Every structure is written in C-alpha cells, then in structure tokens.
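Work through the exercises below with the model open. Try each task before reading its solution.

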Amino acid sequence: MARLFNFNPGPAMLPHSVLLRAQAEMLNFNQTAISPLEIGHRSSAFQNMLSSLQDKIKKIMNIPNNYSILFLPGGAQALFSIIPMNLGKKKSTADYFISGSWSELASKFAQRYIQINNNHIIEQHKLTNKNTWNYNKEAAYIYYCPNETINGVELIEFDNPYNVPVVADFTSSILMYKLDVEKFGIIFASAQKNLGISGISLVIIRNDLLDQAMEITPEIFNFKVQQENDSCKNTIPVYPVYIMDLMMDWIQENGGVEYFAKQSLIKSGMLYDYIDNSQFYVNGVDKSIRSRANIPFDIINNNLNDHFLTKAQEKGLLNLKGHKLAGGMRASLYNAMPVNGVEALILFMQQFARENT
Ligand SMILES: *Cc1c(COP(=O)(O)O)cnc(C)c1O
C-alpha cells in the first residue's frame with residue numbers, strides 16, 4: 001500500500017513506528033504476557049510505566065519540581081468546566097482571552113461556575129489593540145488557547161501585569177516548541193493531537209493551585225484528589241496512557257522538543273510560502289500570529305473545494321476539509337506529520353492549480 005498522509009486535526013496521525021510498536025506489544029505488555037488493553041491499572045507493571053511516563057514528560061518539557069503531572073479522563077472540553085471548579089474556591093472571577101473557537105467555548109462553559117471577564121485578543125485574523133485588553137487584578141486565573149486549531153492562529157506569550165496564574169489549552173500545539181513552564185499555572189492538552197489517542201488529558205499544574213477547588217467539584221475531577229492518588233482515584237484510561245508513553249519515547253528518540261520545534265517551522269514555513277506565492281490559494285491570517293500546527297487555506301475559486309478534496313484523497317492526502325465553522329481546507333501538521341507529507345501536499349496543490357486555472 002502506498003504511504004498515506006492523514007492531515008486530520010484530531011484524532012490525528014500517529015508516527016508509523018509508534019503504531020508498529022503498539023502492534024508488536026499488543027499481546028504482551030512489558031513482559032507480562034498480558035495485553036496493554038487488559039492490564040490492571042494497579043498492577044506493578046502498569047504503575048511502573050505510569051511513573052516512568054511522568055519522568056519522561058518532566059524531562060522532555062523541563063518541568064520544575066513544584067509542578068504535578070496528572071492524567072485525567074475526558075478530553076479538553078471536560079477541562080473547560082473542571083478548571084473553573086478547581087480554581088474558584090477563593091476568587092469569584094476569571095479573565096478569558098478569546099482568540100478563536102476553542103477559547104470562546106471554554107469561556108462559555110466556565111461562566112456557569114465563575115464570573116467571566118472576556119477579552120477578545122484576536123479578531124478578523126489579527127491581534128486586537130493590546131491597550132484595550134482589560135486585566136483583572138483579582139482574577140483567579142487568566143485563560144487562553146495558544147493555538148486555535150480551527151482558526152489557525154497562534155499566540156504564545158502576552159503580558160501578565162498582576163502575575164495571575166495562567167491556564168493554557170495546549171491541546172493542538174504541546175511539544176511543538178519549547179515552553180517556559182514556570183510562566184504557567186496550568187498547562188493542559190487532550191491527547192489525540194500531539195500526545196497519542198483520545199480519552200485522556202495531560203494536566204501540568206503548579207502545586208499551590210491544587211487546593212483551590214470549589215465544593216461542587218466532582219471527586220474524580222478534583223485535581224488534588226487525583227494528585228494524591230497518582231491519577232488513579234478511579235480506573236485511569238489505561239491504553240491512552242500506554243500510547244502516550246510510546247509517544248514520549250518517540251519524541252526522545254528524535255531529539256526532543258528542540259527537534260520538533262525546528263521541524264514544525266520547516267513544515268509550516270514550506271506550506272505558507274507556497275500558499276502566499278500562489279495566485280490560486282490564500283491564507284488570510286496575519287503573518288505574526290499564524291499557527292504552525294493547523295493551516296487553514298481557501299481556493300480563491302471556492303467552487304473547486306469538493307473537487308480538490310476528492311483529488312487529494314486519490315493521492316493519499318487525507319482529511320484536508322476545513323472545520324465547518326471555517327470552511328475551505330485545513331492541513332494539520334502535528335509532530336507525527338513528516339516533512340515528505342507536506343512536500344507531497346504542496347506537489348499536489350501545484351498540480352491541482354495548474355489543471356484548474
Ligand atoms: C481539539 C481541541 C479541543 C477539544 O478536545 P476534546 O478532547 O474533543 O474535548 C479543545 N481545545 C483545542 C485547542 C483543541 O484543538
């Protein structure tokens with residue numbers, strides 16, 4: 001079978017070598033003769049893997065000792081509600097920086113639990129005037145989404161004049177560039193984009209934020225309870241944790257976040273360059289805030305969209321349809337997408353433009 005390239009935003013392409021390893025270990029998890037699908041979450045084999053996974057993440061992301069690493073059931077959208085519950089005990093408001101669809105939804109979910117102050121920091125594919133951003137000194141936290149998967153915008157850093165804990169949804173860009181973890185109160189990510197498969201979230205939390213939970217917080221979504229129980233208060237999603245462990249080995253074998261940061265700039269740079277220089281495709285996002293993970297683009301003659309997608313699929317370039325809110329096309333270039341996948345996409349786009357001009 002010819003090599004296929006899956007540009008799906010999530011669940012996303014996994015590295016081929018990770019899939020092969022999962023296949024090879026399917027009937028025998030770490031010399032136990034038990035499948036990773038049936039291994040007990042309290043068995044020593046699994047518990048050893050869990051603690052070594054935490055060590056790997058700590059090393060790869062350079063996480064200081066005053067942070068805890070949790071694995072929680074439910075994806076990022078579960079955390080949209082769980083975070084305000086976990087941080088809202090002493091303070092009654094939170095600042096939300098809205099940069100696109102996911103931060104907007106997070107703000108909507110959170111307003112059931114905490115009073116929200118919304119700042120629209122990106123509008124019409126551009127940063128809004130920073131002087132209009134309204135920071136609340138008494139906020140329990142500032143929430144933002146560094147990479148908006150649907151809108152294709154990326155904003156990594158901003159001012160934090162009152163030193164309020166920053167909560168960041170890194171679902172679509174974690175491990176794609178180096179982070180200074182100390183600048184964050186909470187970093188979280190659903191696993192199915194850059195960390196493996198769906199069913200679990202990684203939560204990295206500064207320890208002083210562990211005991212700020214409101215009374216109504218459900219037991220298994222209480223960060224402190226899960227921290228005290230090594231994320232095993234209830235049955236942890238075992239297989240997604242196992243796949244995340246394979247992903248971390250793969251990241252390390254390839255040279256860590258530094259390597260993937262370079263790769264992500266090379267891959268996205270190639271595609272943006274081609275789009276910007278073509279008369280056929282367009283990406284309207286301001287250059288200073290373009291995402292390196294998710295690249296939406298339109299065919300200027302958008303009657304050709306369906307034809308483009310059919311032809312792309314015939315070439316083994318899968319799932320390029322844009323999100324229904326954005327329309328057009330979108331290529332998701334997470335760490336598992338090799339450079340030659342992007343090269344194949346650009347070759348196809350050139351050929352399609354020639355044949356349809
Ligand atoms: C995909 C995505 C989500 C939603 O994740 P679920 O696991 O479906 O809840 C949230 N935030 C961002 C930035 C995403 O890319």
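**Exercise 1: the domain contact**

Domain 1 and domain 2 bury about 2200 Å² between them, with 60% of it on carbon and sulfur atoms. Buried area here is the accessible area (1.4 Å probe) that two parts lose on being put together, summed over both. This is a predicted model: local features need pLDDT of at least 70, side-chain atom pairs count only at pLDDT 80 or more, and totals for chains, interfaces and linings use all residues. Residues are numbered from 1 along each chain as its sequence is written, and side-chain values use heavy atoms, leaving out hydrogens and water.

Task: find which residues of domain 1 lose the most area to domain 2.

Solution. 
1. Check Glu154 for charge pairing. Arg292 forms a salt bridge with Glu154, the closest N and O atoms being 2.9 Å apart. The criterion is a side-chain nitrogen of Lys or Arg within 4 Å of a carboxyl oxygen of Asp or Glu.
2. Count such bridges between the domains: two.

**Exercise 2: an aromatic pair**

Task: classify the ring pair Phe80 and Tyr143.

Solution. 
1. Apply the rule: Phe, Tyr and Trp rings (for Trp, the six-membered ring) pair if their centres lie within 6.5 Å; planes under 30 degrees apart are stacked, over 60 edge-to-face, the rest tilted.
2. The whole structure holds 25 aromatic pairs.
3. For Phe80 and Tyr143, the centres are 6.5 Å apart and the planes at 90 degrees, so the pair is edge-to-face.
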